[in-house]
Amino acid sequence: MFNTLASRGPSTYGAIDLGSARRVVLIRQRAGQADAQEFLRALRRRYRGPGWLWLLSDRASAHTAPQTQALADRLRIRFVWLPRQAPELSPMDQLWRELKRLIAANRQAASIDALAADAAAWVLMLTPQQAHRKAGMASKHFWLRKLLQNFWRPT
């Protein structure tokens, strides 16, 4: 299984399975180490198989913290670090960008909690085809396309 992790705003974590486009979203009050760890637990609950999960991620301190790394190892989650300052490589970041354009831009939310709930609902309500397209994974120029086509077994 191959997922990408990204967090935006103070409280929303998300991952998209690069093969199936299934998404996991977790809303938290903060974006700290404990929150990143809770997201890893949520991700593992969603993907219960015995194999390792490979998680594309940025190098946020909450992700690189020794305690987060130890938990990831216990949960059989391996991080694959994206280059610094390269959000265009993260399919989940592409979904966040589209979400901001469609859901958050030039709109007044009742509260930050309401905005986070709307964001999560939008990400989760996309069809797999819509998620693939909006995350840039359907592009013939998607940087992991050959990996997915040539090396990825269906899960």
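The model is predicted, so local features need pLDDT of at least 70 and side-chain atom pairs count only at pLDDT 80 or more, while totals for chains, interfaces and linings use all residues. Residues are numbered from 1 along each chain as its sequence is written, and side-chain values use heavy atoms, with hydrogens and water left out.

Start with the whole chain. The protein chain holds 7 helices and 5 strands. Helices (H or I, at least four residues) and strands (E, at least two) are DSSP runs, numbered from the N terminus. From that end, the order is β-β-β-α-β-α-α-β-α-α-α-α. The chain has 155 residues, and 43% of them count as buried. Buried means under 20% relative accessible area, exposed over 50%, and partly exposed in between, with a 1.4 Å probe and protein chains only. The accessible surface is about 8800 Å², and carbon and sulfur atoms supply 53% of it. Those areas come from the Shrake-Rupley method with a 1.4 Å probe; for residues, only the protein chains shown count as cover. Among contacts with a separation of 6 or more, 58% link residues 24 or more positions apart. A contact means heavy atoms within 4.5 Å.

Now take α3, residues 66-74. Its residues Thr68, Leu71 and Ala72 are buried. Seen down the axis of α3, the buried residues fall within an arc of 100°, so they line one face of the helix. The arc is that of the directions from the helix axis to the C-beta atoms. The face turned away from the buried side carries exposed Pro66 and Arg74. What do the buried residues of α3 pack against? Their partners are α1 (33-46), α2 (61-64) and β5 (77-81). After α3 comes Arg76, with a positive phi near 60°.

The axes of α1 and α3 come within 10 Å and cross at roughly 10°. That makes α1 roughly parallel to α3, a label for angles under 35 degrees; over 145 counts as roughly antiparallel, 65 to 115 as roughly perpendicular and the rest as oblique. Axes are lines fitted to C-alpha atoms, for helices over the stretch in contact, and angles run from 0 to 180 degrees between N-to-C directions. On α1, the contact uses Gln33, Gln37, Leu40 and Arg41. On α3, it uses Gln67, Thr68, Leu71 and Ala72.

In β4, 4 of the 5 residues are buried, so the strand is largely enclosed by the rest of the structure. β4 runs parallel to β5, and 5 bridges join them. Two strands pair if DSSP finds at least two bridges between them. Leu56 stands opposite Val80 in β5.
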